[in-house]
Amino acid sequence: QYSPESVAGADGELEPNAVTFPGCPCRRSCQPPECPCLPRGHSYSGPCLRLPERQQQPLCSPVLECNSLCRCGPRCQNRLVQRGLRRRLQVFRTPRKGWGVRALEPVPRGAFVCEYAGEVLGFAEAQRRIRAQSAQEPNYIIAVREHLHDGRLMETFVDPTRVGNVGRFLNHSCEPNLFMVPVRVDSMVPKLALFAATDISAGEELSYDYSGGSHHVPGAGREHKPLEEENSSRKPCYCGSRTCAAFLPWDSSLFSTP
């Protein structure tokens, strides 16, 4: 079932469209530091995410957009991801990676491309679904972990297997042209927004790092297995980049057996 945005999962643990954030009092387009919706972290510069000058892939810092209770109105420049898909994209069949997505128009660096939408699940349900899959089945569940300022770890699990959008067809690359940022609009449940990490040409396949840049880091998951045991269960990576890690990112917290 196609859905342009994430929906509550079957476990009913999280409601991604619930409004729990207060609105800002801004009368016109919001500007820092007056607007409470513009905290430290990433912010927008016109229709693009404001990125550092260096071409290195930025880390995932949160974005807080103005919401349905804000007084600034729908034309506020701090409303981007909530407006949904605006780029012309195409799902196509790749030679080795199954389905993929490519841009049908040039995409400038920092531009919003699409959301990774699906069912928002709690950890228990996400793990149950993973363990119910066979090794031959494709896995679409993504786990996003954020370290909050008070030391807590916030986890978001999105599964577009049954309900989702074009984001489910994006392939992994060890040198991707997209990166993911958690964007919050109405509540603490984020939209998993994908932005262009570099200028993208028309016809170029779109990809992102499934691990958020941590798949080269030992022990990035909750648990750590011996390398031989991990590699026997992992799927090969066919991205073809110079720095290819040979395998797709591995999250042992979801894939491990009881």
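1. A salt bridge here is a side-chain nitrogen of Lys or Arg within 4 Å of a carboxyl oxygen of Asp or Glu. Glu105 and Arg87 form such a pair, with their closest N and O atoms 3.5 Å apart. Glu105 sits in the loop between β6 (99-103) and β7 (112-115), while Arg87 sits in the loop between β4 (63-64) and β5 (89-93), so the pair ties together parts that are 18 residues apart in sequence. Arg87 is partly exposed, its relative accessible area being 22%.

2. The note concerns a predicted model. The protein chain has 258 residues, of which 45% count as buried. Its secondary structure comprises 3 helices and 14 strands.

3. On contacts and surface: of the contacts in the protein chain between residues at least 6 apart in sequence, 69% join residues at least 24 apart. The chain exposes about 13900 Å², and carbon and sulfur atoms supply 52% of that area.

4. The count of salt bridges comes to 12. One of the pairs is Arg129 with Glu119, whose side chains meet at 2.9 Å, N to O.

5. The closest N and O atoms of Arg145 and Glu155 are 2.8 Å apart. Arg145 is partly exposed, with a relative accessible area of 27%.

6. Some salt bridges share partners, and in this way Glu119, Glu125, Arg128, Arg129 and Asp159 are joined into one network.

7. Turning to the strands, an open sheet is formed by 4 strands in the order β4-β12-β13-β7, with mixed pairing. At its edges are β4 and β7, each of which pairs on one side only.

8. How do β7 and β13 run relative to each other, parallel or antiparallel? They run antiparallel, and 3 bridges join β7 to β13 (residues 191-196). Phe112 stands opposite Phe195 of β13.

Conventions:
Residues numbered from 1 in each chain as written. Predicted model: local features only at pLDDT ≥ 70, side-chain atom pairs only at ≥ 80, totals over all residues. Heavy atoms only, no water. Helix = DSSP H or I, 4+ residues; strand = E, 2+ residues; numbered from the N terminus. Buried < 20%, exposed > 50% of the residue type's maximum accessible area, 1.4 Å probe, protein only. Contact = heavy atoms within 4.5 Å. Areas by Shrake-Rupley, 256 points an atom, 1.4 Å probe, with all protein chains shown as cover. Pairing = 2+ DSSP bridges.
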